[in-house]
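Please keep the sequence and the model at hand while reading.

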Amino acid sequence: METPVLSVAGVTKHFGGLTAVKNFSFDVQPGEAIGLMGPNGAGKTTLVNIIYGIYKPDSGKIRFRGSNIGGLSPHRICHLGIARTYQIPQPFATLTALQNIIVAAIYGRGLSRPDAEKTAHEILEQLDLSPKKNTVTLDMDEVALKRLELARVLATRPSLLLIDEVAAGLTEEELPRILEILRNIRQAGVTILLIEHVMKVMTEAVDRIIVMDRGEKIAEGNPGDVMKDRKVIEAYLGEPE
Ligand SMILES: Nc1ncnc2c1ncn2[C@@H]1O[C@H](COP(=O)(O)OP(=O)(O)O)[C@@H](O)[C@H]1O
Ligand SMILES: [Mg+2]
């Protein structure tokens, strides 16, 4: 078997008395698209933050292509080829869409200014953002901001992409296009870990789903089986508030 792109082994993270992630393990194989789902507060974003080096795990190991990356800074992790989007987009508010992508290509990928500009125009095109290239992000709507968030991470040319809720807030009519964009990203050889609540995106975009509840893995398998799993249904039905 090939070395997994990402291997999460026995990872635990506490916030004071709360165990946000509990002895969590999974592997992602090269070229695979994995979905991570679970009710609000399950620990999904915390897990992404741990993989990306924002938080240090209290125990457990994170390996990228076989090397331990636990404890590295987000900057180092980005340069290894891992990129992540934020659930709440975090662009530079006073820069235009184009400028934001150029900054990501220069600082996240180390491209020269001309190469960064060329890359930025390609990515704007790929994500249907060309008409908004000169719009400052302060003036962009939520859908465009989510696209821009994806554009900024693609500008770093990642081999592993961690996507935190890219389809949240989209209408039914907007879903096919985001699915197509995700397919194109995969076809370019990028391995994907997708966090998503929108079921249609989950079932169509990933090979395998892992379900998390209260920090623990409660199910793992192909989308069809996972959606029928009793523990999964109960976790969602039992979601309070
Ligand atoms: N920085 C933090 N400090 C304290 N508690 C946190 C912090 N980040 C997340 N949590 C808590 O950890 C749990 C998991 O949160 P999160 O990973 O954001 O869940 P999800 O993304 O699945 O909705 C929640 O109870 C949340 O309140
Ligand atoms: Mg979250």
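A residue counts as buried if 20 or more other C-beta atoms lie within 10 Å of its own, as exposed if 12 or fewer do, and as partly exposed in between, with C-beta atoms placed from the backbone. This is a predicted model, in which local features need pLDDT of at least 70 and side-chain atom pairs count only at pLDDT 80 or more, while totals for chains, interfaces and linings use all residues. Residues are numbered from 1 along each chain as its sequence is written, and chains are lettered from A and ligands numbered from 1 in the order in which they are written.

Helices (H or I, at least four residues) and strands (E, at least two) are DSSP runs, numbered from the N terminus.

| Residues of α6 | State |
|---|---|
| Ile 178, Leu 182, Ile 185 | buried |
| Pro 176, Glu 180, Asn 184, Gln 187 | exposed, on the other side |

The buried residues Ile 178, Leu 182 and Ile 185 cover an arc of only 60 degrees around the axis, taken from the directions from the helix axis to the C-beta atoms, which puts them on the same side of α6. Among what covers the buried residues of α6 are β7 (160–164), β8 (191–195) and α7 (199–205). After α6 comes Gly 189, with a positive phi near 95 degrees.

Turning to the ligand, the shell around ligand 1 divides into four nonpolar, six polar and one charged residue. Strand β2 (18–28) and helix α1 (44–51) each supply at least two residues of this shell, and α1 gives the most, with three residues.

Technical notes:
Two residues are in contact if their C-beta atoms, placed from the backbone, lie within 7 Å. Ala, Val, Leu, Ile, Met, Phe, Trp, Tyr, Cys and Pro count as nonpolar, Asp, Glu, Lys and Arg as charged, and the others, Gly among them, as polar.
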